[in-house]
Amino acid sequence: MNRFLARRFAFSLVTLFVLSLIVFFLGQILPGNVGRTILGPLADQQAVDALNHQLGVDRPLLVQYGAWIWPFLQGDMGQSYIYRSPVAAFVVPALGHSLKLAAVGFLLVVPLGILGGVVAALKVNRPLDRVISLGGLSATVLPEFVSGIVLILIFGIWLRWLPIDAAWPDGAGPLIQLYYLVLPAMTLVLGLFGYIARMARAGMIEALDSDYTRTAVLKGLPWRLVIWRHVLRNALLPTITVIASQTGYLIGGLLVVETLFRYQGIGSLIFNAAKAKDFPMLQACVLIIGITYAVATLLADLLYSFLNPRIQMGDGQ
Amino acid sequence: MVEPALRLDRLSVDYRAGGRNRAVLRDVSFEIARGEAYGLVGESGCGKSTVALTVVRYLPRNGRITGGAVTLDGADVMRLGPQALKDLRAKDVSMVYQDPGKALNPSLKVGRQLVEVFEVVGVPLAEREARALEMLKKVRIADPGSVMQRYPHQLSGGMQQRVAIAMALANDPTMLILDEPTTGLDATVEAEVLDLITDLRRELGTSVLFISHNLAVVAKMCDRVGVLYAGMLVEEGPTREIFGSPRHPYTISLLRCLPRGGQRKDRRRLDTIPGFLPTAGMLMPGCPFAERCALADNLCRTEVPKLRAVCGRLVRCHYSDRAVDLPRNTPADVVMPKPTMGGAPVLRVSNLSKTYGQGSHAIRAVADVSLSLLPGETLGLVGESGSGKTTLARMLLGLVPPDLGGTIELDGNPLAASLDRRRDEEVKAVQIVFQNPDSALNRSHSVSRIIGRALRRLGGFRGADLSSRLNALVAAVRLTPRHLALRPRQLSGGLKQRVAIARSFAGDPRIVVCDEPTSALDVSVQAAILNLLAELQAARAVSYVFISHDLGIVRYLSDRIAVLYLGRIMEMGPSERVFEGPNHPYTEALLSAVPNLDGTRNTRIRLSGEIPSAANPPSGCPFQSRCPRKIGAICEISEPPLTEAEPGHVIRCHIPAADLERLQREYKAGARNVEAGQEIETAVIDASHQY
């Protein structure tokens, strides 16, 4: 088991390294000159060159990469070109905000999605299954700016139950914050529910159809116990992997939702940094998301190996 | 009158598929008395498993009982409420099926799954563990305490099936349903599991419904047997009567498909059954077998025959009196030109080894194998799983590189170890037929494209030449031009295997490796494929390396046989010599493990312990850890060399061949004497005093 996790951990490190390379060098290919962008079209060319030199962007790429990644590893994410202050001061609170929203969305969508999938599988091809499967799929294919706006219209404007703005007043307690987060979180739930439910449903159907389920039923076990002890555990293994792969979306893919609900998360930070060619900010954000993603995947692997004895022993893939 | 354990009364079941109801069981009636073992045989698709699933009320969603009744232990199964059904399943009926690896929950420990069985019937928590342990002991699992703590995938197939049997018998059910319980297990493991079932049945007095496609296993295990065909019971009676003197044309044909009594390819061909099993739900006004029966006339096609009592059994045939003279579909006496065996060997393998992994994890899959193959000769490779058969075959094909030092020669010229280093001539000279034609054929290509491509690539044919060769090849494997446009999924298993055979013969190979080519097929189809292989060999003097776990088939097709154990050749010699002995003790055990159709109890040699892992083979002779004829320390210290027992027949054993012969003769005679008097118990021969 430890060998399996060590391998996975090493693999995450390699992935993150490659990601850092991609992020860094792609940033260099984007059109535009950093100094020019910051100083504007009317600025003197000499001033632009001087700024570029001051920022260090006229050095060879590899040197720039080293100068960026080495402090980064030690916790220094560099200076924002635009704000002229440490990137970390922006990234850390934004990440906190995003994580908060993601956590609310995650805690809503995972139980709902799994429950939906399980119920659909137990009523396979019956009306309830069709409603869940079709409804979930329809919601998934809707872009967030559509589903978000629909939610805002219904709950924020017509019913007036929920605030349409996710930015809570200063000093708000956790419950108040939660109240403000429901609507954006619901948008995320709509986007992911169908996906998770679909996986859970497929896993359930396969497990229900398996020989070991037949064994359990023919033992005379009550149906509830069959499902609970024998089916669920095997059925939900693949779903766990899917959920892990979606945590990346929950953290990094919030751009539209955060913009729509005017929420100061990492998604809007990335968007603004990309617009302004604020490389240190952009790179830090992407890498932070990458790390979060890697940690989430690692946690999912840990959970998976805990639930699946064949991996625990290190003799299965 | 005592209530039978199980009674089926005119049971009919439909499956709904493609918007239609298709009858899979029609008016099936039989009874199983208390303590009786009843066998249900027939080819796949006949409805055997449906019978089992109906009895426990576990039909698939699209299955529906359209008529009749099932009475289990006096209770009408169809009328039971949910709780009564659960109780019935918990206490009165159990089921064990094929593939125990899937039947056990992969994510729960064995002990937990076993304990559950006692939980259901309300055994107090404190006693459950002890009862589970006791059950594991009953199914003769070594070290039951540690097995309880393991997960199913950590057990061998044989042990998994023992656990499944332990679960099934834990609450002493009236009825035990066994659906192909040993299919997929190795011969010696199968024999052990069957012995176990026999013993437990005797001890507990459980009634058994035994479902199998393997007639010999049923003959060994069952008192009475029913033959199912297309969802109908066509013949039923005492096992000895049915298999000894069958009266229904289907039973007769089925039995003729099997090589029996040392039948060999050059002496007598196997019979086959023309046509196909009717698809479920096909409208058949008459006898379901009429389309394939040589005796059928208008009456058979229009009127379903009744089950009538004939000669001590029930037969569903209008002409059961004439059935004994049923004409053969394939003439038996077609004299096959004996292939011109001889001359220089086409293949010579010297000191071939294959080691996987490294250092302490090294697994020696094949160890120092040397053999040769003459043109037109068939070498049978026999051995249990893990014996290295498939690795050896793959090395011949160049798919797996052997360890340094071994050589493979084709026609006297060294053959490169890796396929992409072999010349085109060499590639087409060595071809393979796989076990599963489903995965061996590209399912998106038509038959003509599959074979045509092989002819182009291997045979180098183009244009008109190609199409004439294609037609000739298709005819040679007994396919018709009609099949050319079809895709593999539109073909039956037997037809698919013919396509695979045609593919391998496209480049006029010198050697064809047949890796379990018929083990996924029904017996009637298997017979046709074996006949085809024999015919192709006679016509083209091709050599076969024939891998199979079925010794009867190996005997039928092989000229010589090599017996492998943990990657070593333990015995090799002419087919008849290997079957008659003297034998290596492992071969002896293997041969005695095979049940035969006469239903006589085998004088079986029980092997102790599990097949060792190739990663950690025993010291000295690889077989010493299980050998019933082990003579002492020498077996643990040195590995015996292959010594010649008689010309061309080599055995790897410390016991001289003459002594082996005497011991084995005495053992057989002794077993016969015991059999005459009483039942045979475990016979472990202690030969140590001889040395």
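I looked up helix α4(B) to begin with and found B:V110, B:G111, B:Q113, B:L114, B:V115, B:E116, B:V117 and B:F118 buried, where buried stands for 20 or more other C-beta atoms within 10 Å of a residue's own, exposed for 12 or fewer, and partly exposed for what lies in between, with C-beta atoms placed from the backbone. I note that this is a predicted model, in which local features need pLDDT of at least 70, side-chain atom pairs count only at pLDDT 80 or more, and totals for chains, interfaces and linings use all residues. Residues are numbered from 1 along each chain as its sequence is written, while chains are lettered from A and ligands numbered from 1 in the order in which they are written.

The helix spans residues 110-120 of chain B and is mostly covered, with 8 of its 11 residues buried; I take helices (H or I, at least four residues) and strands (E, at least two) as DSSP runs, numbered from the N terminus. I then asked what the buried residues of α4(B) pack against, and found α5 (125-138), α6 (144-148) and α7 (157-169) of chain B, a contact being two C-beta atoms, placed from the backbone, within 7 Å. After α4(B) comes B:G122, with a positive phi near 80°.

Next I turned to strand β7 (residues 175-179) of chain B, which is largely enclosed by the rest of the structure because 4 of its 5 residues are buried. It pairs in the parallel sense with strand β6 (residues 93-97) of chain B over 5 bridges, pairing being called when DSSP finds at least two bridges between two strands. In that pairing, B:V96 has B:L178 as its bridge partner in β7(B). I also found β7(B) paired in the parallel sense with strand β8 (residues 207-211) of chain B over 5 bridges, where B:I177 stands opposite B:L209. From β7(B) the chain crosses through helix α8 (residues 187-204) to β8(B) in a right-handed β-α-β crossover, meaning that, with the strands pointing away from the viewer, the path from the first strand over the helix to the second runs clockwise.

Last, I checked two residues other than glycine with positive phi. B:D411 has phi near 50°, lies in the loop between β16 (407-410) and β17 (413-414) of chain B, and counts as partly exposed because it has 15 C-beta neighbours inside 10 Å. B:E516 likewise has phi near 50°, sits in the loop between β19 (511-515) and α19 (523-540) of chain B, and, with 18 C-beta neighbours inside 10 Å, counts as partly exposed.
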